[in-house]
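Student: I should like to study this structure step by step. May we begin by looking at it together?

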Amino acid sequence: MAMGFAAFGGWSLLLPVVPLAVSEAGGSEALAGAVTAVFMAATVATQLVTPRLLHVWGYRLVLAVGCLLLGLPALALLASTAAPVALGVSVVRGVGFGLLTVAGSALVAELAPRELLGRATGAQGIAIATGQMIALPVGLALFGRGHANTVYVLGAAVPMLAVVAIAALPRIRHAAAEDGSRRRLPLSVLLVPCLAMLAVAAAYGGVTSLLPIAVAGRAAVAGVALSVASAAILVGRYAAGLLVDRIGVGRIMVPALACAASGAVLFAVTVAGGGNAVLLMAAAILFGGGFGAVQNESLVTLFRSAGPTRLGAASAAWNVSFDAGTGVGALALGAVAGLAGHAAVYTVGAVAIALVIPVALLAPGARRPADRVEA
């Protein structure tokens, strides 16, 4: 938990600051956006190979290298925020972030007793989100007051605190792989959890990127709604973890998707009607709670389906779905906004989520207990 708090806090300190610094240094909006784009591209590419690295290097080394690559390159920004430097730093930091996200999620499944896995993944989500909720405004506030170098130093130093936590982790031995058990997870296991994460994360990308623009002139209200959504995600994720531990996997996904879709519909209605504050908050609670529940249900489903020798592969599938869905959703729904208006953004998001519900209900094996799914 300490490791996740520090690592994601260090990431969040620079997340909005580096594009802003590039813009203020004379870069175009496209270049500022490219800083985040190359970071996420490097993250997803690294996530695909991290399961293999976990088997070769082990958790502590992968996590430590991830923290070093995420933090130390930020010091280069002390010298320059010119485009080549900022883009290069973003690529290297993206590699570190990719290592951390996959190894950090899989680590929880390695350490937590099976009967507490839902609550453990929920607690991890709370630790990570708390780090983000503190670091995001702190980084922007320091930068806005002319303390850019302080932000860069903190962005390098805070992930080093995670290295201290990593040093205290137990040495974890992987379960012996048998009969090709390191193969990729089968489609029957991946289909529902990954499709659900892609759909809801894509809608989330539209919410976070476009809501302040959609309710133009009410940026403060939009900011509060996004904060409410973040809190609802935490509550939904941990509550889903409690339920998963008590009633098993496979029973929460459909209600969670329905909740997230309802929130997206309410966002569409509210934006079309001018952005009523009460309705925005209600939409944020519905969507955030559903998204948090989908996160936990999908992650625990993948872990229990993967078995002890493929936790890294399960974590990679989940993280790629989350990050790729968020990035693609922000881009695609931005195009929808330009063509059909902002209310259409949330309508499309709601439809995409709703289309996953029949898949979750009808896919072969989707509602069986995941620990009995066989590769």
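**Confidence and contacts in the model**

Student: Over residues 176-181, under which value does the pLDDT stay?

Tutor: This is a predicted model. For residues 176-181 there are five contacts beyond four places in sequence. Where pLDDT is low, the predicted coordinates should not be read in detail.

Student: How many contacts beyond near neighbours in sequence does the stretch of residues 364-375 have?

Tutor: The stretch of residues 364-375 has a pLDDT below 50. Beyond near neighbours in sequence, the number of its contacts in the model is 23.

Student: What is the mean pLDDT of the protein?

Tutor: A pLDDT of 70 or more is reached by 91% of the residues. The mean for the protein is 84.

Student: Which residue forms a polar contact with the side chain of Thr121?

Tutor: Thr121 belongs to helix α6, which covers residues 117-144. A polar contact of 3.0 Å links the side chain of Thr121 to that of Asn296.

Student: Is Thr121 buried or exposed?

Tutor: A residue counts as buried under 20% relative accessible area and as exposed over 50%. The relative accessible area of Thr121 is 0%, so Thr121 is buried.

Student: How many residues apart are Trp11 and Phe97, and in which helices do they lie?

Tutor: The whole structure holds ten aromatic pairs. One of them is the stacked pair of Trp11 and Phe97, with 4.5 Å from centre to centre and 20 degrees between the planes. Trp11 lies in helix α1 (residues 2-14) and Phe97 in helix α5 (residues 83-111), distant parts of the chain that are 86 residues apart.

Student: Why does Trp11 count as buried?

Tutor: The limit for a buried residue is under 20% relative accessible area. Trp11 counts as buried because its relative accessibility is 11%.

Student: What kind of aromatic pair do Tyr204 and Phe291 form?

Tutor: A pair of aromatic rings is described by the distance of the centres and the angle of the planes. For Tyr204 and Phe291, the centres are 4.9 Å apart and the planes are 40 degrees apart, and the pair is tilted.

Student: Which parts does the pair of Tyr204 and Phe291 tie together?

Tutor: Both Tyr204 and Phe291 belong to one aromatic cluster, which also includes Phe267, Phe287, Trp318, Phe322 and Tyr346. Phe291 is buried, at 0% relative accessibility. Tyr204 is in helix α8 (residues 187-214) and Phe291 in helix α11 (residues 277-306), so the pair ties together parts 87 residues apart in sequence.

Student: Which residue of helix α11 is it whose side chain reaches the backbone oxygen of Thr301?

Tutor: The residue in question has its place in helix α11. At 8% relative accessibility, Ser305 counts as buried. The side chain that reaches the backbone oxygen of Thr301, at 2.7 Å, is that of Ser305.

Student: How are the directions of α4 and α7 related, roughly parallel or roughly antiparallel?

Tutor: Helix α4 (residues 59-71) and helix α7 (residues 148-167) pack with their axes 8 Å apart. Among the residues that meet are Leu63 and Cys67 in α4, and Pro159 and Met160 in α7. The angle between the helices is about 170 degrees. That makes α4 and α7 roughly antiparallel.

Student: How far apart in space are Leu99 and Leu63, C-alpha to C-alpha?

Tutor: Leu99 lies in helix α5, where it is buried with a relative accessible area of 4%. Not counting residues up to four places away in sequence, Leu99 touches several residues, including Val62, Val65 and Gly66. Leu99 and Leu63 are 36 residues apart in sequence, and their C-alpha distance is 6.6 Å.

Student: What separation do the C-alpha atoms of Val22 and Ala86 have?

Tutor: Val22 is placed in helix α2 and counts as buried at 3% relative accessibility. Apart from residues up to four places away in sequence, Val22 touches Gly27, Leu31, Ala32, Val35, Thr81 and Ala86. Val22 and Ala86 are 64 residues apart along the chain, and their C-alpha atoms are separated by 7.3 Å.

Conventions:
Residues numbered from 1 in each chain as written. Predicted model: local features only at pLDDT ≥ 70, side-chain atom pairs only at ≥ 80, totals over all residues. Heavy atoms only, no water. pLDDT = per-residue confidence, 0-100. Contact = heavy atoms within 4.5 Å. Helix = DSSP H or I, 4+ residues; strand = E, 2+ residues; numbered from the N terminus. Buried < 20%, exposed > 50% of the residue type's maximum accessible area, 1.4 Å probe, protein only. Polar contact = N/O pair within 3.5 Å; in protein donor to acceptor, adjacent residues only side chain to side chain. Phe/Tyr/Trp six-rings, centres within 6.5 Å; stacked < 30°, edge-to-face > 60°. Axes fitted to C-alpha atoms, helices over the stretch in contact; angles between N-to-C directions. Parallel < 35°, antiparallel > 145°, perpendicular 65-115°, else oblique.
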